[in-house]
Amino acid sequence: MRVLVAMSGGVDSSVAAALLVEAGHDVVGATLKLWGGFSDSGCCSVADVDDARRVAQQLGIDHHVFNLTEDFDRHVVAPYVEAHARGRTPNPCIECNRAIKFDRLLERSDRLGFDRLATGHHARVTRAANGPHELRRGADVAKDQSYVLSMLGQSELARVVFPIGEMTKSDVRAHAVRLGLRTAAKPDSQDVCFIGSIEGRQGFLADKLAFHPAEVVDGRGDPVGRVDAVELVTVGQRRGMGHGNDGSRHYVVAVDVPARRVTVGSAAEANISAVVLRRATLTWVNQPLALGARAIAQVSAHGRPASCTVGANADGVVVEFDSPQRPVAPGQTVALYDVVDPDAVVGAGIAA
Amino acid sequence: MSDCPTTYLDHGATTPLRPEVADAMAAARALPLGNPTGSHRPAQRARRLLEEARDEVAASMGRQPGEIVFTSGGTESANLAVFGALGAGCRAPRSASLLSSAVEHPAVRESCRAAAQSASVTWHELPVDGSGLVDLHALEAAVDGATALVAVMLANNETGVLQPLDRVVETVRRASDTAVVFTDAVQAASFLDLAESAAGADLVALSAHKLGGPVGVGVLAVRAGVALAPRQHGGGQERERRSGTQDVVGAVGLATALHLAAAERVEVAQRVAALRDRLAGGLVASIAGACRTVPPGVATLPGHLHLCLPGVEREELLVALDAHGICASGGSSCASGALEASHVLAAMGVPDRLARGSIRFTMGRDTTAADIDRALAVVPPVVASLRHDP
């Protein structure tokens, strides 16, 4: 099979490429240049491209660099800035997977005649005989990335392969060491790739949108403090929100940018019993869940799964949790997993 | 990786080292050579080879030997030209301006950009028309007594378009006694007689590996009487214009390559132009919507063919052609190797829709009719397979 493997310059995608070569496939590596600006934390620095290229050379495969900075600006960075301006909490890694890796790059892979696109994600694609493709959690629970892939559907899953999905991270590193890959000991990337570790989110956004001070009020509307930039406050945030009269920590319950107001409350006040996923953002791995179906929801990349029942209202799907949950910030993705097969992703949507 | 034959149509990026050049370099390398600045016989032998190479280069360029400064290549020559002309003109701090065409190679553009970081230096890019020819009226309006340097390349590296250098020189001389005219002849040197076509320029840059010589050696020709401040300091080699031990073997390679190119220039240019025209005609006829980026009638280097192929992305085209063994170019790359949007096409006003699907084929003296046949057979179906709605 002809496989295009997306190589970030990290150990996971290096080993993904190596496994495909070892399996006898016709493999070509590609590194995406996504971000033109400065960043030291991300995956498209010159040093990372060099690492990917050197690994490809070591494996004896062709390697190309694809410049997708314009698409990345349009589909990932601009919406990221725009969401903050509206007091929402975007997930740029998910948008990158949706719009860049499993759309633009996948199309490119098709046009160039590849049978599959491979990435180094910790997730699995499985399929019962003649059944639909299933998206499952990676074998390494701690490194599982099914959440950031939860927007994939049948069309994409039929064309992708995740070679390291069955491996633990230590398996991956051990394999890289065995092959003598230069990326074997490279630290995992942690943060949003286009945001430098020193400037941070605030520094990145500072010259792209105007920050506004806001009043912090409690559940009764009484002022309890101020913040310098309402655009940087996230629902569920604790840091900088102070304490209630009883000494308990305050959590952000709501962010209202036009009103320049942040509402806080105790953990109990902040917790939610349900979250609405906007209809236009819903995606399903195969079939939509029926009304009243049971499911398991995960609201962040490594969040704790929570049992829920799926309902609907005029805006979209309503995820009703069995027990109160930490708040879900508007803009965050909620991934839904199968209640009887909890490794299997059913679908996803973005919190209203 | 498939093992199809390689059809090399990227001579504008680099040309193969000519066997005669390799032989001449091997012969020089076999000698006991000292440092050419030394006093003993091996040093004198090295010095002699270096100066003979300099004589040869000077003769090929129509210059005096003392006007030839050996450098590490085209980029260094461009940096030396820009910063050297600025430095020499600034004995006392005063404002100086740089003018360059909007289609210069990054070696020139980025040198100007870096120089203009200084508060006393301004930099202005001269617009080009839709053919990529520099706007002489804009030049006339921009040159004045503060102009330190005017940079207009002899031939563009992406499109191959030849600039009207003589008219540039005339225009500059009318307006200023002191402005230095620099021409980047790196892309042009394999096909043009620099003694004639670059005669008016005060500074001329060229690079050996674009004309069958080795990578890592180049020249900046500096007209006698033009002051040039050194960019690197040390032992004062190259008449104090470029310190550092000279690459004698590289200079021999450059001189040999220039000499060989001069001897066959007319014949090669005719033959290569005929191949290029056949490739152009065949591709334009067989690929719907394909057009030549440079309008017919505009003079270009004989080996350059720049095409716009709407509905295709050049990154995909290069990958797919490479898989078939066809080597072409999509323009400049950044440090990571990713293709960048072309400032040349942007300056020419080529719409983004067309620029996205642009590609450069560059032919050289060893390009064969079979190479063209192969490209004509492979490129159209590859383009068809990649076509999609943007």
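Trainee: Which hand does the crossing have where α3(A) passes α4(A)?
Mentor: That crossing is right-handed. One caution before we go on: this is a predicted model.

Trainee: And what makes α3(A) roughly antiparallel to α4(A)?
Mentor: Take the angle. The axes of helix α3 (residues 69-85) of chain A and helix α4 (residues 92-111) of chain A come within 9 Å and cross at roughly 165 degrees. Angles over 145 degrees count as roughly antiparallel, so α3(A) gets that label against α4(A).

Trainee: Which residues meet there?
Mentor: From α3(A) you have A:D71, A:F72, A:H75, A:V76, A:P79 and A:Y80, and they meet A:P92, A:E95, A:C96, A:A99, A:I100 and A:R104 of α4(A). By class, that contact of α3(A) with α4(A) has eight nonpolar, one polar and three charged residues.

Trainee: Why are α1(A) and α2(A) called roughly parallel to each other?
Mentor: Again, look at the angle: the axes of α1(A) and α2(A) come within 10 Å and cross at roughly 15 degrees. Angles under 35 degrees count as roughly parallel, and therefore α1(A) and α2(A) are roughly parallel to each other. The crossing of α1(A) and α2(A) is right-handed. On the α1(A) side the contact is made by A:S14, A:A17, A:A18 and A:V21, and on the α2(A) side by A:V55, A:A56 and A:L59. The classes in the contact of α1(A) with α2(A) come to six nonpolar, one polar and no charged residues.

Trainee: What does helix α1 of chain A lie across?
Mentor: Helix α1 (residues 11-22) of chain A lies across β1 (2-6), β2 and β4 (116-118) of chain A, and runs at about 165 degrees to β1(A).

Trainee: How do you know which strands are the edges of the five-stranded sheet in chain A?
Mentor: Follow the order. The five strands form an open sheet, β3-β2-β1-β4-β7 (chain A), with parallel pairing. β3 and β7 (160-161) of chain A are the edge strands, as each pairs on one side only. As for what counts as a pair, at least two bridges are needed. Strand β2 (residues 26-33) of chain A and β3(A) have six, in the parallel sense. A:T31 stands opposite A:V65 in β3(A).

Trainee: What makes β12 and β13 of chain A edge strands in the seven-stranded sheet?
Mentor: That open sheet has antiparallel pairing and the order β12-β16-β15-β14-β17-β18-β13 (chain A). β12 (272-278) and β13 (283-284) of chain A each have a single partner strand, so one side of each is left without a neighbour in the sheet. Inside that order, strand β17 (residues 333-338) of chain A is joined to strand β18 (residues 345-350) of chain A by five bridges, and the two run antiparallel. A:T333 has A:I350 as its bridge partner in β18(A).

Trainee: Over in chain B, why is strand β8 called largely enclosed?
Mentor: Count the residues. A residue is buried if 20 or more other C-beta atoms lie within 10 Å of its own. Five of the five residues of strand β8 (residues 218-222) of chain B are buried, so the strand is largely enclosed by the rest of the structure. B:G218, B:L220 and B:V222 point one way from β8(B), B:V219 and B:A221 point the other way, and all are buried.

Trainee: Which strands pair with β8(B)?
Mentor: Strand β2 (residues 68-71) of chain B is joined to β8(B) by four bridges and runs antiparallel. Strand β7 (residues 203-207) of chain B pairs with β8(B) over five bridges, also in the antiparallel sense. B:L220 in β8(B) stands opposite B:V69 and opposite B:A205.

Trainee: What makes B:N35 partly exposed?
Mentor: B:N35 has 16 other C-beta atoms within 10 Å. Buried needs 20 or more and exposed needs 12 or fewer, so B:N35 is partly exposed. B:N35 lies in the loop between α1 (19-30) and α2 (41-61) of chain B. Not counting residues up to four places away in sequence, B:N35 touches B:A43, B:A46 and B:T245.

Trainee: Last one: how many residues does each chain put into the contact between chains A and B?
Mentor: Twelve from chain A and twelve from chain B. On the chain A side, β3(A) gives the most, with five residues.

Notes:
Residues are numbered from 1 along each chain as its sequence is written. Chains are lettered from A and ligands numbered from 1 in the order in which they are written. This is a predicted model: local features need pLDDT of at least 70, side-chain atom pairs count only at pLDDT 80 or more; totals for chains, interfaces and linings use all residues. Axes are lines fitted to C-alpha atoms, for helices over the stretch in contact, and angles run from 0 to 180 degrees between N-to-C directions. Angles under 35 degrees count as roughly parallel, over 145 as roughly antiparallel, 65 to 115 as roughly perpendicular and the rest as oblique. A crossing is left-handed if the near helix is turned anticlockwise from the far one by less than a right angle, and right-handed if clockwise. Two residues are in contact if their C-beta atoms, placed from the backbone, lie within 7 Å. Ala, Val, Leu, Ile, Met, Phe, Trp, Tyr, Cys and Pro count as nonpolar, Asp, Glu, Lys and Arg as charged, and the others, Gly among them, as polar.
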